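Please read this report alongside the sequence and the 3D view. It goes through the model region by region.

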Amino acid sequence: MPIDLRSDTVTRPTAAMRAAMLEAEVGDDVYGEDPTVNALQARLAGELGFEDALFVPTGTQSNLLALMSHCARGDEYLVGMDAHAYRYEGGGAAVLGAIQPQPIVQADDGTIPLDVARAMVKPVDPHFARTRLLCLENTWHGRVLPMDYLAEARAFCDAHGLALHLDGARLFNAAVALEVPARAIARHFDSVSVCLSKGLGAPVGSVLLGNRDLIERARRWRKVAGGGWRQAGMLAAAALYALDHHVARLADDHARAARLAALLEDAPAVRVVAQHTNMLFVEVAPERLAAFRAHTEAAGIAMSIGTLPSVRMVVHLDIDDAAIARTAEVLRAFPARAA
Ligand SMILES: *Cc1c(COP(=O)(O)O)cnc(C)c1O
């Protein structure tokens with residue numbers, strides 16, 4: 001069995017999830033008539049403390065719709081230099097929304113320093129884009145943003161008349177790690193995007209949460225973006241199944257990632273750089289990286305190689321204790337020098 005640690009997006013729906021999908025009641029979601037989509041949206045809105053929610057195909061689209069619903073043409077959002085919503089979404093806000101990003105280098109813990117953010121808020125003057133929004137990401141590279149920081153970011157946004165958006169692709173990983181309800185994190189934000197297709201194990205889908213006005217605008221932009229889908233209830237059924245059965249178990253992924261990090265502590269050629277929640281970053285000497293890739297591929301283990309630091313591994317639903325033990329064994333067997 002190959003072991004795929006590239007990302008938590010690679011999970012496949014379990015037999016029970018597929019059964020739930022088969023039984024889903026469906027309708028046309030563009031007409032607002034898919035009962036399973038409506039149930040998913042109502043459930044997450046209630047659970048996370050928002051008025052409304054919108055089920056969308058991807059986290060990228062969810063962030064885009066949030067940016068386009070908060071900001072107009074010529075507006076600006078403050079965002080981490082290494083945030084997904086700046087760096088990994090094809091420049092969508094600028095390309096499709098005419099919204100200017102103002103990237104800010106994040107601190108090592110993933111926070112955007114608020115004194116830097118303050119200096120980046122533009123004066124009201126025709127020379128400048130209008131600063132409208134601060135966008136945070138939690139978890140970021142597996143790191144959980146400190147709760148105190150979220151409250152400070154909220155106060156900062158209130159003081160400057162900015163909205164606050166969370167790219168919470170892995171919000172539930174953060175909540176499980178902190179042992180708080182996800183709502184305790186979400187309550188600081190005007191909008192939150194959550195991925196069901198990462199560690200929660202659904203095949204497709206993200207949900208954007210916000211107040212009624214914001215979600216109405218987002219629903220319009222979703223249609224414009226070609227994301228108005230029809231009998232999406234089968235996908236919503238998978239998402240509902242994931243919320244029922246795959247949230248608490250994220251703690252198992254975190255424990256397994258920590259165990260893998262511990263098992264690699266005295267590996268000769270692999271140095272653990274960071275491990276947070278379900279992610280593990282390790283470094284291999286640059287001149288050994290090609291050999292490392294060949295070594296792991298030959299053993300049927302896939303990871304993200306060539307990211308910074310050199311290797312990322314992500315633990316998820318389809319990675320069990322045996323896969324962790326096997327990965328540790330293969331990585332520990334990789335020699336520091338070519339034979
Ligand atoms: C995966 C991810 C997204 C978007 O995911 P899609 O692949 O577009 O569904 C957004 N933000 C973060 C932090 C992510 O990890």
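Thr139 sits in the loop between strand E5 (130-137) and helix H7 (147-160). Helices (H or I, at least four residues) and strands (E, at least two) are DSSP runs, numbered from the N terminus. The peptide bond joining Asn138 and Thr139 is cis, with omega about 0°. His141 is also found in the loop between E5 and H7. His141 is not a glycine, yet has a positive phi of about 50°. Most residues other than glycine have a negative phi, and most peptide bonds are trans. With a relative accessible area of 23%, His141 is partly exposed. Buried means under 20% relative accessible area, exposed over 50%, and partly exposed in between (1.4 Å probe, protein chains only).

This is a predicted model: local features need pLDDT of at least 70, side-chain atom pairs count only at pLDDT 80 or more, and totals for chains, interfaces and linings use all residues. Residues are numbered from 1 along each chain as its sequence is written, and side-chain values use heavy atoms, with hydrogens and water left out.

## Ala98

Ala98 has a positive phi of about 55°, although it is not a glycine. Its place is the loop between helix H5 (92-97) and strand E4 (100-104). Ala98 counts as partly exposed because its relative accessibility is 27%.

## The ligand site

Which residues are around the ligand? They are Thr58, Gly59, Thr60, Asn63, His84, Glu89, Glu137, Asp167, Ala169, Arg170 and Lys198.

- Lys198: a polar side-chain atom is 2.7 Å from an oxygen atom of the ligand.
- Arg170: a polar side-chain atom is 2.9 Å from an oxygen atom of the ligand.
- His84: an N or O atom of the side chain is 3.5 Å from a nitrogen atom of the ligand.

On its own, the ligand has 380 Å² of accessible area, and the protein covers 83% of that. Accessible areas come from the Shrake-Rupley method with a 1.4 Å probe; for residues, only the protein chains shown count as cover.

## Thr11

Thr11 lies in the loop between E1 and helix H1 (15-22). Its relative accessibility is 6%, so Thr11 counts as buried. Not counting residues up to four places away in sequence, Thr11 touches Ser197, Lys198, Gly201, His316, Leu317 and Asp318. Contact means heavy atoms within 4.5 Å.

Gln41 belongs to helix H2 (residues 35-48). It counts as buried because its relative accessibility is 6%. Leaving aside neighbours within four places in sequence, Gln41 contacts Ala53, Leu54, Phe55 and Arg219.

Ala232 is in the loop between helix H10 (212-224) and H11. At 4% relative accessibility, Ala232 is buried. Beyond residues up to four places away in sequence, it touches Asp34, Val37 and Phe55. Ala232 and Val37 are 195 residues apart in sequence, but 6.7 Å apart in space, C-alpha to C-alpha.

## Helix H8

Helix H8 (residues 171-178) is mostly covered, with 6 of its 8 residues buried. These are Leu171, Phe172, Asn173, Ala174, Ala175 and Val176. They pack against H2, strand E6 (163-168), helix H9 (182-186), strand E7 (191-195), helix H11 (233-245) and H12. Glu179 follows H8 and has a positive phi, near 55°.

## Helix H14

The 12 residues of helix H14 (residues 321-332) should span 16 Å at 1.5 Å a residue, and the end C-alpha atoms are 16 Å apart, which agrees. The expected span is 1.5 Å times one less than the number of residues.

Ala323, Ile324, Thr327, Ala328, Val330 and Leu331 are buried in H14. They cover an arc of only 165° around the axis, so they lie on the same side of H14. The arc is that of the directions from the helix axis to the C-beta atoms. The buried residues of H14 pack against strand E1 (3-4), helix H12 (250-263), helix H13 (289-298), strand E11 (301-302) and strand E13 (311-314).

How values were computed: A residue is near a molecule or strand if one of its heavy atoms lies within 4 Å of it. A polar contact is a pair of N or O atoms within 3.5 Å; within protein, one must be able to donate a hydrogen and the other to accept it, and residues adjacent in sequence count only if both atoms are side-chain atoms.
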